[in-house]
Amino acid sequence: MTAQAQQQAQDDTATAAKAPRRGHTGARRAATATVRLSQRDIDGLLLCGEHYGVPYDLLGQALRVHSKRLEKITARWRHAGYVATGRLGPGPGWCWLTRDGMTATGLGFPATRPALARLAHIRAVLAARLWLATGQTWADGRAWWHSERRLRADQPAAGRREHVPDAEIHWPSIDGSPYAGQVWAIEVELTPKPVARTTGIMAGLLSPMRYATVVYLTAPAARPVVLRAAASLPPGEQARVAVRDLPAAAFTPEPSASWRGAASPGLRSEGRATRARR
C-alpha cells in the first residue's frame, strides 16, 4: 500500500507539472507539483483515509509531532489539494481526505467529510489503534491493523449480512509469537446496547471460529452490558472475549489554545475549496 501511494503521488506530480496553470484547477495542480511526500506524509494521509477523518491531537500523536509542526504539515497537504480540515464539533479540528487525496493514496474510498454522528466513535477507534500499537507485544508480533473501512470495501454490498467489527488485528505467522496466525476482532463500545444485541454480535464474531479473539474496548457506561453479554456465552467462548477499558485519548479533550490555532487555517481553506467547487 505504501509503494502504491508513493507511485500514485509521483504520477500525480508528473501530471500536475504538465498541466496548464489556469484558474483554480491549474493553481492546485501547480501546487501539487511542488509537494514532495515523505514516509510520514504518506502514513498520515493513509491514516486519514482509513479512519474517515482524524482529529488534530491524535494525528499529531500518530505522526509524533507537536501542534505547530502539525499545522505546517497539514497546510502542505491542503496546498496540494489532498485534504480538507475544519472544526466539526467540540475539541480539536479534524483532517480528512479530498478526492485528490483518495486518488493519491490509492485507497479509493468516497471522499466525504466525517459524519457528525460518528465523530466520537471514529475518534475512539483511532485512539484504540494508536494505544494498542504502542505495546511491546504488538511490536514483537509485527501485528497490523485492518480498518473497518477496508473491511466494508472488501465485502460486496449484497454479502454484508454478518456484523462488521470496528477493525481486525492480524498476527503474522512468526516463530515464537503467542498469537501467530491469529486474527482478532476489535469492538469499541461508547454507549450500552441491549444485552441481547451485544450477545448476538459476540456470538456471531466467535462462531464458527470467525475470530480467535474478540476484544471489547469500552467506555464506563458500556462496560457492564458488555460484561453481562460475555458472561452469558458458553464457557469455551467466554475465554475468547477480552474486555478492556478504552484509553483516555478515546474521549474528546477540552479544546486548548494550540489545537484551536491548528484548526483555524483548515476552516478558511475548506471554505475556499467549497466555493470553488460550486
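Does Ser 67 count as buried or exposed, and at what relative accessibility? At 13% relative accessibility, Ser 67 counts as buried, where buried means under 20% relative accessible area, exposed means over 50% and partly exposed lies in between, for a 1.4 Å probe and protein chains only. Ser 67 is placed in helix H5.

The structure is a predicted model, in which local features need pLDDT of at least 70 and side-chain atom pairs count only at pLDDT 80 or more, whereas totals for chains, interfaces and linings use all residues. Residues are numbered from 1 along each chain as its sequence is written, and side-chain values use heavy atoms, with hydrogens and water left out. Helices (H or I, at least four residues) and strands (E, at least two) are DSSP runs, numbered from the N terminus.

The chain averages a pLDDT of 84, and 77% of the residues score at least 70; pLDDT is the predictor's confidence in each residue, from 0 to 100. Over residues 1-23 the pLDDT is below 50, and this stretch has 33 contacts in the model beyond near neighbours in sequence, a contact being heavy atoms within 4.5 Å. Over residues 259-278 the pLDDT likewise stays under 50, and the model has 30 contacts for them beyond four places in sequence. Where pLDDT is low, the predicted coordinates should not be read in detail.

Strand S3 (residues 94-97) pairs with two strands, S1 and S2. Strands pair if DSSP finds at least two bridges between them. Strand S1 (residues 54-55) is antiparallel to S3 over 2 bridges, and strand S2 (residues 83-86) is antiparallel to S3 over 4 bridges. Trp 94 of S3 has Pro 55 opposite and also Gly 86 opposite. In a regular strand the side chains alternate between the two faces of the sheet. In S3, Trp 94 and Trp 96 point one way, Cys 95 and Leu 97 point the other way, and all are buried.

Most residues other than glycine have a negative phi, and most peptide bonds are trans. Tyr 52, not a glycine, has a positive phi of about 70 degrees. Tyr 52 lies in the loop between helix H3 (39-50) and S1 and is buried, with a relative accessible area of 18%. Arg 118 lies over the face of Tyr 52, at 5.0 Å from the ring centre; a charge sits over a ring if NZ of Lys or CZ of Arg is within 6 Å of the ring centre and within 35 degrees of the ring normal. Arg 64 also has a positive phi, near 60 degrees. Arg 64 is found in the loop between helix H4 (56-63) and helix H5 (67-80) and, at 79% relative accessibility, counts as exposed. The peptide bond from Ser 207 to Pro 208 is cis, with omega near 0 degrees, and Pro 208 is in the loop between helix H10 (195-206) and strand S7 (213-218).

Rings of Phe, Tyr and Trp (its six-membered ring) pair if their centres lie within 6.5 Å; planes under 30 degrees apart count as stacked, over 60 as edge-to-face and the rest as tilted. By this rule there are 4 aromatic pairs. The rings of Trp 138 and Trp 171 have centres 6.4 Å apart and planes at 65 degrees, so the pair is edge-to-face. Trp 138 lies in helix H8 (residues 136-141) and Trp 171 in the loop between strand S5 (167-170) and strand S6 (183-189), so the pair ties together parts that are 33 residues apart in sequence. Both residues, Trp 138 and Trp 171, are buried. The rings of Trp 171 and Trp 184 have centres 5.1 Å apart and planes at 55 degrees, so that pair is tilted. Ring pairs link Trp 138, Trp 171, Tyr 179 and Trp 184 into a cluster.

In helix H11 (residues 223-231), Val 225, Val 226, Ala 229 and Ala 230 are buried. These four cover an arc of only 135 degrees around the axis, which puts them on the same side of H11; the arc is that of the directions from the helix axis to the C-beta atoms. Arg 228 and Ala 231, on the other side of H11, are exposed. The buried residues of H11 pack against S6, H10, S7, helix H12 (235-238) and strand S8 (241-245).
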